[in-house]
Amino acid sequence: MIYGNCNEVIERGCPVERVLNSLGGKWKGIILSALYEKPNYYNALHREISGISRKMLTEQLSDLIKLQVVSRDETTDYPKKVRYSLTQRGRALYPLIQNISQLLKTENN
């Protein structure tokens, strides 16, 4: 099969690569795991994930919202609170990530 420029195929034509690139990174899996257990407010989520900076948490949450894996809801309270939760897509995706993780874990043992 002729694909032409490999980089173009990876960037535009391979859905598996797009998914792995979108969900890759040090923090996204941890954030998904924390939100799979229960929705959480921003500050509580920051406290729960030790070692992540506020800037990084904000960036990663923003990426996950763009992917429609996480939803962001603001309260009308003063001061406003922001609550994050997994969307239906995120709840469906998380077990798949766990299965891949288990496969890789057993393969490396």
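In this predicted model, arginine 91 lies over the face of tyrosine 36, at 4.4 Å from the ring centre, and lysine 81 lies over the face of tyrosine 41, at 5.6 Å from the ring centre.

A search of the whole structure finds two aromatic pairs, which are set out in the table.

| Aromatic pair | Centre to centre | Angle between planes | Arrangement |
|---|---|---|---|
| Tyrosine 36 and tyrosine 94 | 4.4 Å | 25° | stacked |
| Tyrosine 42 and tyrosine 84 | 6.4 Å | 55° | tilted |

Tyrosine 36 counts as partly exposed because its relative accessibility is 27%, whereas tyrosine 94, at 9% relative accessibility, counts as buried.

The largest nonpolar core has 19 residues, of which Ile31, Leu32, Leu35, Leu61 and Val70 touch the most other members. Two or more residues of this core come from each of α3 (28-37), α4 (42-48), α5 (54-66) and β3 (82-86), and α3 gives the most, with four residues. Which residues does leucine 61 contact, leaving aside its neighbours within four places in sequence? Leucine 61 is in contact with Ile31, Leu35, Tyr42, Leu45, Val70 and Tyr84, a list that includes both tyrosines of the tilted pair.

Methods:
Residues are numbered from 1 along each chain as its sequence is written. This is a predicted model: local features need pLDDT of at least 70, side-chain atom pairs count only at pLDDT 80 or more; totals for chains, interfaces and linings use all residues. Side-chain values use heavy atoms; hydrogens and water are left out. A nonpolar core is a set of buried Ala, Val, Leu, Ile, Met, Phe, Trp, Tyr and Cys residues joined through side-chain atoms within 4.5 Å. Buried means under 20% relative accessible area, exposed over 50%, partly exposed in between (1.4 Å probe, protein chains only). Contact means heavy atoms within 4.5 Å. Rings of Phe, Tyr and Trp (its six-membered ring) pair if their centres lie within 6.5 Å; planes under 30 degrees apart count as stacked, over 60 as edge-to-face and the rest as tilted. A charge sits over a ring if NZ of Lys or CZ of Arg is within 6 Å of the ring centre and within 35 degrees of the ring normal.
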